[in-house]
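Notebook open, structure loaded. I want to jot down what I look up as I go.

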Amino acid sequence: MGVVAWLKSLFVLQLLIGFVFVVSGLIINFIQLCTCVLWPIDKQLYRKINTRLSYSLWSQLVMLLEWWSGTECTLYTDQATVDKFGKEHVIIILNHNYEIDFLCGWTMCERYGILGSSKVLAKHELLKVPLIGWTWYFLEIVFCKRKWEEDRDTVFSGLNRLRDYPEYMWFLLYCEGTRFTEKKHQISMQVAESKGLPKLKYHLLPRTKGFTTTLQCLKGTVKAVYDVTLNFKDKQNPTLLGIVSGKKYKADMSIRRFPVEEIPDDEKECANWLHKLYQEKDALQEHYEKEGSFPGPTIIPKRRVWTLLNFLFWATLLLSPLINFAWDVFVSGSPLLIIGFMIFLIVASVAVRRLIGVTEVNKTGSSYGNVEAKKEN
């Protein structure tokens, strides 16, 4: 193990990075709360400010991927498609197989200048997660409980509210509804067989309601749908904990652009279009499994220095007083102060670990396969 790799593996450094993210996030959330007074006065100004505040938080995670772990992202697409990145409102359809698939999506958003304004159709439970859910709330993220009878009004009003969003946005949809596991895949294919739909090998059966509703509400605002299929070289199974530990991964993303004019307006035909798309995504994954790459030309977008500079700003602002305080505590020799500081470190490490746990595959609960879940499909 090299010196740099050894340093990245040190728990104390990982804890300091987590400290910067958590404390800066709380500061950002407080500032976001203060900006709420702008909403009735100037809604667009509120949005522009919160877009940049969210960038300051999310870019710290992108920094971990790009600069700390050195993970590489290669795009399999044509230059004409890349030329439109960051210059139009779009819906992103991404497969949901990995713990860091959202982070790979965010790094593409960052490289094309739209990280702060990226959106997602998120499960309602995430609203309660500190930093993540709170920041999304101020960004007008649409939350749903995955029960259409309860979600209908919330989803429609949330999506319609985004029609006049002033910044270009990429609206991310995980149409599979939950992260891929073998158990969920077996259940999903049973549903596919009962509905007479072709079986998928690498994906779950897509839930069409979220996609058709999003497209219906944002039509006239979004110009295209980007189909993104993600995989990793050498059958790597990346984790956020691996990223924090400095482990390097190699991500490949196949991106196809579909103008909204090519997608049927009729809800049933639109749902059929989505099922066909997932059959094509499955074929792409099959090609990757055999060849080790996706078909088509490759483009490697350059990483930008802004994520690193943003993190260094927060680290300088927050770590200097922390280190000075820690030094004063241990120099004082007071057992009570030292024990209190050690308890603080333990609580901080547990908090960071729990935030990481939100992304872990084996800890992401889902009702997928329950009777109610099958009804919703």
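This is a predicted model: local features need pLDDT of at least 70, side-chain atom pairs count only at pLDDT 80 or more; totals for chains, interfaces and linings use all residues.

**Entry 1: the two domains**

I started with the distance between the domain centres: taken over C-alpha atoms, 34 Å separate domain 1 from domain 2. Next I checked where the domains run. The domain assignment of the protein chain puts domain 1 at 18–305 and domain 2 at 308–353.

**Entry 2: where they touch**

How many residues of each domain are in contact with the other? I got 15 residues from domain 1 and 12 residues from domain 2. I then looked up the buried area, and the two domains bury about 1300 Å² between them. Carbon and sulfur atoms account for 82% of that. On the domain 1 side, Phe19, Val20 and Val305 lose the most area to domain 2. Together those three make up 42% of what that side buries.

Which helices supply the domain 1 side? I noted α2 (11–34) and α3 (43–68), each giving at least two residues of the side that touches domain 2. The largest share comes from α2, with 8 residues.

**Entry 3: salt bridges elsewhere**

I widened the search to the whole structure and got 20 salt bridges. I picked one of them to look at: Glu66 with Arg111, whose closest N and O atoms are 2.7 Å apart. This pair links distant parts of the chain, as Glu66 sits in helix α3 and Arg111 in helix α5 (residues 101–111), 45 residues apart.

**Entry 4: the sheet**

Now the strands. I traced an open sheet of 8 strands with mixed pairing, and I wrote down the order as β4-β3-β5-β2-β6-β7-β1-β8. Which strands are at the edges? They are β4 (142–144) and β8 (298–299), each pairing on one side only.

I zoomed in on one pairing: β1 (residues 72–76) runs parallel to β7 (residues 250–259), over 5 bridges. Leu75 stands opposite Met253 in β7.

Last, I looked at a helix that packs on the sheet, α9 (residues 208–218). Helix α9 touches β2 (90–94), β3 (119–123), β5 (170–173) and β6 (224–232). The direction of α9 makes about 160 degrees with that of β5.

Definitions and conventions
Residues are numbered from 1 along each chain as its sequence is written. Side-chain values use heavy atoms; hydrogens and water are left out. Two strands pair if DSSP finds at least two bridges between them. Helices (H or I, at least four residues) and strands (E, at least two) are DSSP runs, numbered from the N terminus. Contact means heavy atoms within 4.5 Å. Axes are lines fitted to C-alpha atoms, for helices over the stretch in contact, and angles run from 0 to 180 degrees between N-to-C directions. Domain bounds come from an automatic or database domain assignment. Buried area is the accessible area (1.4 Å probe) that two parts lose on being put together, summed over both. A salt bridge is a side-chain nitrogen of Lys or Arg within 4 Å of a carboxyl oxygen of Asp or Glu.
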